[in-house]
Amino acid sequence: MSATTPSPVADSAAHKPVFLHDPEDREEKLELLEYWRSIIKRKKQILGFAVVLALLAMVVVLVMTPIYRSTATVLIEANKSKVLSIEDVYSGISQNREHFQTQVEILKSREVAIKTIIKLKLWENEEFDPRQNSGSLLASIGFGDDPPEWTEALLAEAIFENFSKRLNVEPVRLSQLAKVSFDSRDPALAARVANAVSNVYIEKDLEARFNLTRQASTWLQDQLTDLRAKLNQSERALQEFREQEGIVDLKSVTQSGAGQQIEEVMRRLVEARMKRAEAEGAYQQIKLAPKNSDLSTLPAVLRNPIVADAKRAEGIAERKISEISQRYGKEHPKYLQAESELESARDNLRRQVESVVASVIREFEAARATEATLEGVLNSAKGSVRQLNRKEGELSIYEREVEANRQMYDMFIKRTKETNVAGDLQTPIARIVDPAVLSDKPVKPKKLQIVLIAFVLGGFLGVLAALLRDRLDNTLKSTEDVEVKLKQPILTTLPLLSKEEVERTKTARIFLDQPKSIYSEAIRTARTGVLLSGIDLPRRTLLVTSSVPGEGKTTFSINLAIAHAHTKKTLLIDADMRRPAVSKGLEIPPGAKGLSNFVAGTASLQECLVPVEGSSLMLMPSGTVPPNPLELLLSQRFKDTLEHLGKHFEVIVIDSPPVELVSDALVISALTNGTIYVTRAESTPYQMARKGIQRIRRADGQILGVVLNQFDVAKAEKYYGDYSGYGKYGYGEGYQGAYGASYGEEPGKG
């Protein structure tokens, strides 16, 4: 038994085959690995397609006209140097990226392109001349519309679309540079156009700003006329107001004198109010003093020096009389004299106090009168100043109007002069820092790049086709496909035979003729699997069928029966009474009696059995073809026949018709111990095989396993790597010779 081919083993309890490699528990292969195998399997075709596509691309690029590209680099000035500050006149240039992007779009504009076309007269070049294709065949023979009369404007418009496709303006990132490129078959023309576009852009900007300056100058001249008239009118109105009000330098003389007067009155009024406050304080002390009280003690009176002296004199007199009264009596002349001096001092103090009180009252009234007088003078001065302020306010209005008109007039005079000067000194918005030069290498077509892309694209399409083909391939290609897609155990794998061995007479006896070949070893594997599937059964009846004809079931049936005949008494029955093939494979003469005759009772068992030469196998041919073979198989006599044959043979192998064509196999499967289902590798769709197996099961048949026939082991070993040990376990020279015969030539049918 092959070491790499999974086979069923016996289950002593249920007599059912189990998997050595259970499809439910096996390790799923990586999908990427499957893709890689698909690619490796068809690598020659993929590589060939890629090479062919690359060669076609090479032929195409060799006949293509080379296109040359020249590039001029333009520096766009974001901060132009200005001779005079006149940016307000013609919308100063923005210093941000929006300005730069705007200028790049102007470079691409239609106006710049049309002016460049007209400047270079590109219609004189064959590459751009629209007149070459303007005439039609009808017009040339006198029919149809006459060709248009070409003018420079019409020619430029006709060339513009082709011109714009070839022109490319690309800003340089993080700079103020823009690259102006042009493609042409003529390298000299490409350089000339790139430089011309840059120059036309610069000239167009200068022209536009010159026209704008001229418009601004015209507008300023018109405004100056109106401003001059307004200024003269406002100056006349100012002079008339001064003469009417009699104002002569009102601010410097009149307003200055009135201000000084008010300031002096205010100062004196403050002093008068202070004096009045002091006098009022003293007056209030005297007024609020109790009646008959000593006024000499009041601070306002006591501050007077005369009262103070009189007060001291009174005190001296009082001390003197006190001293004399202690030394002398009241009648003493000194006492009397002292008493007289005291009275005199008191009279003097009283007179002085009365005088000071009267003086305080007079001072208070005088201070109050002075304050009132100064307030009157101040109010009068303020009234005069208010009148002057009103006049000065009106005067200021006239003066401001005159000044505003004068400033506006002066500003327009200045701007007019600046505009006139700026019109003569225009600075360009851009300059060419790197003019375009002749290109010595074409930019298109990029031959090597196109060929490489075609090669890669061809490889990609080839890989895609290979993957798609494998994805759409629904055949059984390996033992794993059998286990996964059919969910059945694999009984054996029959190798693909060489072209010489596909003849029926050779393949039918391959187990006898080449016992050490891989095919024979695969038959032994199937035999072992069958024996192990029912190890306790004394006798076995096996059905061999397939989905459609040509899958090798007859060849397998014959060789399996021969293999069983080596160890057990075996009978091979050809139950395909519609297209019998077993007799032909074993070279049995036609017309031999067989199954149909034995079931019908027209021949004995000995007459229906034919020994197979070279083995102990007995063959029961299909016999005479009945009108309806299915009715024969459904009969009780057929069941009795199988039971009768089972008593004489240990193993019965029945070759039946395909399941998809007729129902014979379904009827027979219910009467056997097991069914072997044969499929052809890379030919039988798994859906068809699965459907046939399901039909057998519904008919109460038992599937022992699936035989994968015509399996290309060398191809599987090369592409899948799962069969690297298949056939390496040698059996001598004969085995190796059979191996070489099996794989050395073109494979065919088994």
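**Crossing of helices H16 and H17**

Helix H16 (residues 518–533) and helix H17 (residues 553–565) approach each other with axes within 9 Å and a crossing angle of roughly 70 degrees (axes being lines fitted to C-alpha atoms, for helices over the stretch in contact, with angles from 0 to 180 degrees between N-to-C directions). H16 and H17 are therefore roughly perpendicular to each other, a term covering angles of 65 to 115 degrees. The structure is a predicted model, in which local features need pLDDT of at least 70 and side-chain atom pairs count only at pLDDT 80 or more, while totals for chains, interfaces and linings use all residues. Residues are numbered from 1 along each chain as its sequence is written, and side-chain values use heavy atoms, with hydrogens and water left out.

On the H16 side, Tyr519, Ile523, Ala526, Arg527, Val530 and Leu531 meet Thr555, Phe556, Asn559, Leu560, Ala563 and His564 of H17 (contact meaning heavy atoms within 4.5 Å). The residues of this contact comprise eight nonpolar, three polar and one charged (Ala, Val, Leu, Ile, Met, Phe, Trp, Tyr, Cys and Pro count as nonpolar, Asp, Glu, Lys and Arg as charged, and the others, Gly among them, as polar).

The protein chain contains 26 helices and twelve strands, defined as DSSP runs numbered from the N terminus (helices H or I, at least four residues; strands E, at least two). Of its 750 residues, 41% are buried, that is, under 20% relative accessible area with a 1.4 Å probe, protein chains only.

Asp513 lies in helix H15 (residues 510–513). Asp513 and Gly614 are 101 residues apart in sequence, with a C-alpha to C-alpha distance of 9.5 Å.

Notes. Angles under 35 degrees count as roughly parallel, over 145 as roughly antiparallel, 65 to 115 as roughly perpendicular and the rest as oblique. Buried means under 20% relative accessible area, exposed over 50%, partly exposed in between (1.4 Å probe, protein chains only).
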